[in-house]
Amino acid sequence: MLKWILLKFARLGIIRTSNTGYCSLLEADIFIVAEWHQIVTAADKSKLRVGSIVGFKRSQKTREKIIRGTIVVTGKLSVCEQQQKLLTSKAKKKKVPATTFDDEDESEDEMEDFSTDRNLLNSKDENSSESNDDCLHIDEEEEISNDGCSNGKQVDLMNVDEVRDKNSTANTHTRSSNAKSVQDKARPTYPGVIRYFTRMVGIFSCNGEDDESKGDKLVRICNDLNMEERQLIRLQKENSTKTARAIVRAYYPAAVLKECEQLNEDLALMSEPNNFADEFDNDVTSSSDEAPINFDNISLLSLISETAAKSCTSEHEQNTINSSNASSTRSIENFDLAAALVSLKTRHSLSAVCINDLCSLLCLLNVHDAPRSWFHVKKALNKSFGSTLDRTIWFVCPSCKKASDNAFSCSSVRCDWCFAPPASLPTYFYTFNIHEQLNSILAITTDVHLSQCSNGTSPLNFQMRDIIDGDQYQKLLHEQSDDILTLTMSTDGIQPFNCSEKSIWPVTFVTNEVKRKKRFCFQNLILGGMWPGPVKPKRFDMSAFLETIIVQLKELEKGYHFKCRLSAEYVTRFFEVFLICACMDKPAQALVQNLPEPTAKFGCGRCEIHGYTVRSSVGSDHCINCFPIKKSAIQPNLRSNDRHDHLVMIKEKNDADIAKITSRRLGRIAKRQLKQKIAENKQSEYGILGPCILRQLKYFDVGFSFLSDNLHNVYHGVFRKLLNLWLKSNYKKEDWSCYYYHDELSSMLQSFRFPSTTSRRPRSLLKFKKLKANELRMVLLFGFVIFKKALNAKYYNHFLKLVFAIHFSENRCVTATMIGNIKSLLHEFLIEFPKLYTVRHNQQVIHSLNHIGQTVNDYGPLNSYSTFHFENNLGMIMRTIKGTRREEIEMIGNLNMFRSACFHLQDSTINDEIRSYIEKILYGRGYYASSTYTAKTIHSTGAIERISNLFSNRKLRFFSSYKIGRVRYTTVDYSNTKVVDD
C-alpha cells in the first residue's frame, strides 16, 4: 500500500526548497510534519534528499514504533505545513484503490489539479519571498537535481503570474469558447500546441544527430518558450512520455495560440519532420472541424511515441520497413536480448553457466542493456510476460488411491488416512491451469481456423487434409451449435539422461483448430500435468493423476469466453472445448485405458481380439501371445463407450462374486475351482481392469479416440520387426532372410538420393538396430526399392502393400478412395503375414496395422496427430536439463522460458532483425516465410555463352537452381553434387 501511495503522490507538483530544519513525510494516507531529530536513518542526514526513505519516531522512547515514510518536501515549517494541508485535502478528495490505479488515471487527475495547486500557493503567500520562489517550480517528480538539496538552489522557471499576463495580452483578440476550457484544464487543446510539443519531443528523442545541430535547435526552443537551456534540459526525462508531460506542465497555459502556428513552421524547418507530421496535420485538421481536439481524445503517449520513433528512423529503414508498422518498430532492448539467449539455450542445449558467460561477454563488449546473468534473463522475460505455468502439487493417498492436496492427510471426506512416521511421504505430481494456457494461446496466435460443416460435399470427392476434416470432427460440428475448440492429448515417459532410470511423464495437449504447421510449436503447446517419477506410474497412480486434469476438461466443456486474435483484430468469442482424441504409444495407452499390457491376451486397445499362446522357438519353454486374423473368421468386437460400460458392469459383478467366495475358508478343490472361475471371468471381461478415467468426457470414446501412431506402430513397430527378420543372423536360414545381402543393401542405401525435405538421412543398415524412427521412415517410404533384389518376389510384393498403404496414410490430401485402398492393402498384408513369416511373429505390433484405416477415416492423415511432433518438443526441452536433482522443476522452468521467448515474437514493436534471428533459431529457416509465388534465384549457371548461342538469343538468362514459391527446380548436374536433393 505504501508504494502505491508514494507513487501516486510522486507525480504531484511539489515544491523543493533548501534544507532548513523541517521536512514533510508521507505515511500511507497521512502527511506528518517532523523535525530532523525525529528522523531515524542509518545514512548521513546531510545527504538526505527528496524521495529518500527514512524512519520516523515522535519521541525518543526505545520501544516506540518507527514509521517508514518518504521525504516529500524539505523546507521551513510554514512551507511544510502548507504542503501538508494541500496534500491531505487532495488525498481526501481522491481515494483510489491500489489495485485499480494506473498511470493514465493518475495523469488526468494531476493535470487537472496542477493549476489549482499553484493558484492556491500564489494566493496564500503572495508577499513571501519563499512562496514566490516556490511558485517558480515545475513538476519535479522522479527528478533529483545535480546541485543537491543542501546548496539551497531553487528552480528558476517562468512565474505563473507572468505566464498568465503574457497569455492574456497576447490572446485578447483570439479569445473564444475554447479559452475558458484552456484556463480550466492544465492540458493544451489547440492543434498547433499539440503538434509543437510532439515535434519537440522528437528532437529530444533523436540521439543519433550531432550535438551541434541538436544544440542549435534547443537554443531556438528556449527562445520560443522563454526558458533557459539549463531549465529545458532539466525537463528531459528517461522516456518521451515523461519528457512531454514535464514540458507541457512547464509551458502551458503560457502558450500564445496565434504564435503556435508560426513556431510550428519554424520548428518544422529546423527538424525536417517526416511524413508522419503531415499525416498528423491532416488528421488534426479534419477532426478539428467536428470537435475541439484535446488530450482526452488523442493519447499523448501514442502521439509522442510514434513521433519519436518516426523521427529516429533513418531514410533507409523507412524504405525497407512496411509503412503500416514502421511507427511501432523500436531498438533492441533488454527483453529482446533475453529472448534471443533463451532460444540459443534451447536450440543448442546450453547450461545456465554458459548463458552467464555469454552475458558477461555481451557486457564486456558494451552491448546496450544486455542482461548480466541467467537470473536477469529470466527476470526480464518474467517481467514482460507473466508465467502461465503456475503448478499445483497433488499427492496420491496410499489408502484410497485418490488425489489429495495435502501431503499429511487425505482431503477426501471418506478417507481418514494421516501420515505417520517412519512411513515415507506419498507420491506426488503437478498439474497446470489448462484454461489460462489456452487463453494465452488464443490471444496471441492468428493461426486459428474455425471449421464449418461440409454438408454439400460428396463423400467420394471429400478431401481430408487435417484432423478437422475427419468424420468424428464433422459429427461433432453437426451436434454442437456453438463455436467449439478441440484438443488432442499425448503422454509418454521420458528419461532426463541416457544413464538415468528416472521416468518423467508429462501430459500435453494441442489445439486442433490451429494450423498444422504451427500446431505443435512451443507457444501453442499446453502442459496439463507432469508425473515427476522416479518410476513409471501404476494404474491407480495414473487414474489419480488424470482425475485432476479431467476436472479441468469438464469445466472447459461448459464453455468460456476467450479473447481471440482473428486477423488483426481482437474479438471475444464463446467456445466450448472438448478432448476428442489421444495419441501415444502402446504401454502408455494401456495405462490410460486401464487395460493389460499390449502383449497380453486382450492387449489390443481398439478391439477385443483374443491372442493365443505359441512357443517363441522350437524346444523353448518361453511362450508369447500372437494375434493372427483370418479372412473368413468373424471379426472381433471393437471397443467403444457402450461396450466399455457393459464390460465394467460385468467386472464389478465378477469381483463381487470372487469376494464372496474368498470370504470363507477354502479347501484344495475349492481353490482349484476359484482359479478356474477367475480365468473364466477374465475371458468375459475382455481385458478390462477397471473404468477408464477419460470415459467421463462428453466426446471422447475409449475405443476409437485412441489413435494409431505411425511412429511406434509402423516405424518402430512393424518395419523394425521386418528388418529384424530380414537382417538378423538368427533367421539367416529362413526363406525370407536377406542376411547375406547385408553389405550390398547398406552400400545401395548410402548411394540413394533422398528428397531435400529429409530431416535425418538414414545411416548404414549395418546399424539397423540403432536407427531412429525418422531414419526408418525414410527407408520405408523412399528406400524400399533396395530390397527388390534381396527379397524373393512374394516377400517383396507383400512388403509393397505396407509401403503403399503408409504412403496413402501420410498423404497431404486423403480421399475416400485412398481410405478404401489403405484398409484393403493392410488387411491383405495381415492375412498373408502369418503364412509368410509364421504365426509366431504375428505379434500385437503387427496386428495394430488393422486399425490404421479407420483412424485415418475418423481423424484424417497420420501426420496430423503423430507423436513425432510431441516427442520432438519434449526431446528439445529434455536436452536443456543439466541438473541431477529435481529434473522436472528444471524442465518446467525451461519450458516456461521457452514459451515466453515464443510469445515475445508476437510483439508487433519488436525489431525486425532480432525477430528474424529468434525465428531462425527456434523454428529453422522458412517457418514464417511468405508463400507468395515469387521467383528467387538460387545459383546461376556458368555456361551462359554456349547456351545463348545454341538458342540464338543472348538476352536469355539461365540458372542451375531456381525457386518459385515453395517449389525448387534444379538441373541434373547441380543435383548430382548434392547428397540430399529432389
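Predicted model: local features only at pLDDT ≥ 70, side-chain atom pairs only at ≥ 80, totals over all residues.
Leaving aside residues up to four places away in sequence, F799 touches F719, L722, W726, L780, F784 and F787.

F799 is one of the residues with the most contacts inside the largest nonpolar core, along with W726, F787 and L802; the core has 77 residues. Colour the elements that give two or more residues to this core: α19 (471-479), β14 (569-582), α25 (710-727), α26 (742-750), α27 (773-781), α28 (793-809), α29 (816-837) and α31 (852-859). Which of them gives the largest share? Click on α29, which supplies 11 residues. Then colour by domain: at least three core residues come from domain 1 (433-453 + 461-583 + 867-901), and at least three from domain 2 (709-864).

There is a second, separate core to pick out too. W374, L381, I494 and M530 are among its 42 residues.

Keep M530 on screen and go to the sheet. M530 sits in β12, where it is the bridge partner of Y430. Their strands, β8 (residues 428-432) and β12 (residues 525-531), pair in the antiparallel sense over 2 bridges. Show the rest of the open sheet and you can walk across 8 strands in the order β7-β6-β8-β12-β11-β10-β14-β13, with mixed pairing. Why does one side of β7 (403-404) and of β13 (560-566) lack a neighbour in the sheet? These two strands stand at the edges, each with a single partner strand, so one side of each is left open.

Next, select helix α18 (residues 434-444). This helix lies across β8, β10 (483-491), β11 (505-511), β12, β13 and β14. Line up the view with β13 and you'll find α18 running at about 25° to it.

Time for some backbone details. Zoom in on the loop between β7 and β8, where P422 is placed. The peptide bond joining P421 and P422 is cis, with omega about 5°. Then hop to the loop between β12 and α21 (539-558), the place of P534. Here the bond from G533 to P534 is cis, with omega near 5°.

S349, in the loop between α15 (334-347) and α16 (352-364), has phi near 55°. Is S349 buried or exposed? Its relative accessible area is 18%, so S349 is buried. Finish at N594, in the loop between α22 (586-593) and β15 (612-615). Phi of N594 is near 60°, and N594 is buried at a relative accessible area of 10%.

Technical notes:
Residues numbered from 1 in each chain as written. Heavy atoms only, no water. Core = buried A, V, L, I, M, F, W, Y, C linked by side-chain atoms within 4.5 Å. Buried < 20%, exposed > 50% of the residue type's maximum accessible area, 1.4 Å probe, protein only. Helix = DSSP H or I, 4+ residues; strand = E, 2+ residues; numbered from the N terminus. Domains from an automatic or database assignment. Contact = heavy atoms within 4.5 Å. Pairing = 2+ DSSP bridges. Axes fitted to C-alpha atoms, helices over the stretch in contact; angles between N-to-C directions.
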